Amino acid sequence: MLTSRAAILALVVCVIALSLAYPLREYVLQRSQIAQLQDERARMEEDVRVLRQREEELTQEGYVEDEARTRLHYQYPDEITYIVISPEDEDEDGPESPPSEPWFETLWRSVVEADSPVPDAGI
């Protein structure tokens with residue numbers, strides 16, 4: 001069967017394998033954490049680059065004025081602005097009529113109706 005030397009050799013091999021398993025596992029986990037942190041750092045550096053570019057755009061002289069004119073439709077007091085609406089933007093029924101009552105009255109009416117339920121006729 002097994003000699004005492006073979007048993008001792010098997011025991012030594014098992015001890016060496018067990019003593020190397022934990023550090024090897026930790027090494028693999030740390031390498032994966034390092035890879036995740038490097039990816040996160042790359043994403044953050046990209047975000048910083050985008051934000052610095054945006055800051056540079058906002059510090060330019062005419063950029064804020066152009067954004068206010070195009071996105072917010074701002075104008076100088078002596079200017080006349082025209083907004084062209086394409087046919088695709090219009091409804092086929094024509095312009096919408098304004099609601100007959102303000103939104104808060106509709107909300108309050110629904111609260112009052114929910115507070116006084118209709119009695120059930122069958123019971």
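**Close-up views of a predicted model**

**View 1. Confidence along the protein chain.** In this predicted model, the protein chain averages a pLDDT (the predictor's confidence in each residue, from 0 to 100) of 85, and 88% of the residues score at least 70. Confidence is highest in helix H1 (residues 4–59), at a mean of 93, and lowest in helix H2 (residues 63–71), at 86; helices are DSSP runs of H or I with at least four residues, numbered from the N terminus. Local features need pLDDT of at least 70 and side-chain atom pairs count only at pLDDT 80 or more, while totals for chains, interfaces and linings use all residues. Residues are numbered from 1 along each chain as its sequence is written, and side-chain values use heavy atoms, with hydrogens and water left out.

**View 2. Tyr63 and its contacts.** Tyr63, which is found in helix H2, touches Arg54, Glu57 and Leu58 (heavy atoms within 4.5 Å), not counting residues up to four places away in sequence.

**View 3. The packing of H1 and H2.** The two helices, H1 and H2, pack at an angle of about 90°, with their axes (lines fitted to C-alpha atoms over the stretch in contact, with angles from 0 to 180 degrees between N-to-C directions) 6 Å apart. H1 contributes Arg54, Glu57 and Leu58 to this contact, and H2 contributes Tyr63, Val64 and Arg71. H1 and H2 are therefore roughly perpendicular to each other, a term for angles of 65 to 115 degrees.

Conventions
Angles under 35 degrees count as roughly parallel, over 145 as roughly antiparallel, 65 to 115 as roughly perpendicular and the rest as oblique.
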